[in-house]
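Open the structure in your viewer and keep the selection tool at hand. Each stop below says what to select and what is there.

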Amino acid sequence: MLRSLAFAVAIGLAGVAAPVLAQDTPAAGAQQQSPQAVVQTIADQLGQAIDGHQAELQKDREKLIAVIDDVFLPHFDIDYASILVLGQHAREATPEQRERFAKAFYNSITHRYAEGLLNYTRGKVKVLPFTGGLDDKRSVVRTQVVLDDGKTLSVDYAFRKSKTGDWKAYDVIIEGISYVTNYRNQVDAEIKKDGIDKLITSLETQGDKALDTMQKDAGGK
């Protein structure tokens with residue numbers, strides 16, 4: 001079973017969908033950063049936002065969600081990740097359906113894992129040296145998340161370069177399990193069973209409870 005902290009640290013990069021925003025506007029100061037630098041920046045900013053504020057954020061869920069949005073979203077390729085999660089259904093969906101799905105799915109995931117961030121402290125994410133030979137359009141950043149018991153969890157981030165030249169993440173692989181693939185399988189099963197409109201409505205009205213239902217239907221843990 002994947003630890004909630006690792007999921008929480010990963011959700012902004014691997015939330016797999018989010019409200020549709022302008023994707024061709026680089027985050028301030030991020031366009032010159034390498035993928036490794038982007039991940040390190042996120043880890044540092046997260047530590048600054050969380051350290052010493054756990055009690056305050058525990059009482060204010062919306063403020064905690066705002067921390068996730070502020071730290072993660074500028075570095076995430078929202079449109080591309082949403083299409084990957086919908087898979088073959090992205091071609092069948094209307095622009096309105098894709099937009100609604102993206103927003104509802106992102107909100108569900110952030111609310112489900114947000115409190116895991118309260119256990120985050122600086123130094124828990126170690127960015128490993130780059131050892132790949134990938135082209136200049138895609139890259140993978142390998143990291144280790146240090147758990148409370150001292151054990152480490154492997155977390156790899158998949159990046160692609162945007163039209164403006166800045167690097168944005170679109171998937172995360174935790175202990176070999178792709179976040180996008182995991183949810184794509186669940187979304188595919190739900191759409192085949194009940195249709196995309198029912199899935200979107202369920203996410204909009206039930207939020208993270210809808211994710212629990214999806215996992216149960218798919219036999220996930």
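Which residue in β3 does V140 stand opposite? Select V140 and look across: A158 in β3 stands opposite V140.

A word on the source before moving on. This is a predicted model, in which local features need pLDDT of at least 70 and side-chain atom pairs count only at pLDDT 80 or more, while totals for chains, interfaces and linings use all residues. Residues are numbered from 1 along each chain as its sequence is written, and side-chain values use heavy atoms, with hydrogens and water left out.

**Whole chain.** Zoom out. The protein has ten helices and five strands. Helices (H or I, at least four residues) and strands (E, at least two) are DSSP runs, numbered from the N terminus. Of the 221 residues, 48% are buried, meaning under 20% relative accessible area with a 1.4 Å probe, protein chains only.

**The strands.** Select residues 138-146 and 152-161. These are β2 and β3, which run antiparallel and are joined by nine bridges. Strands pair if DSSP finds at least two bridges between them. β2 and β3 form a hairpin with five residues between them. Click G150 in that turn: its phi is positive, about 90 degrees.

β3 and β4 pair in the antiparallel sense over seven bridges. D156 stands opposite I173 in β4. These two strands also make a hairpin, with five residues between them. G165 in the turn has a positive phi of about 95 degrees.

**Helix α5.** Now select residues 78-86. In this helix, I78, A81, S82, L84, V85 and L86 are buried.

Check both ends. D77 caps the N-terminal end, with a side-chain oxygen 3.3 Å from the backbone nitrogen of Y80. After α5 comes G87, whose phi is positive, near 60 degrees.

Show side chains. L84, V85 and L86 of α5 make the contact with V180, Y183, R184, V187 and I191 of α8. Contact means heavy atoms within 4.5 Å.

Key: Buried means under 20% relative accessible area, exposed over 50%, partly exposed in between (1.4 Å probe, protein chains only). A polar contact is a pair of N or O atoms within 3.5 Å; within protein, one must be able to donate a hydrogen and the other to accept it, and residues adjacent in sequence count only if both atoms are side-chain atoms.
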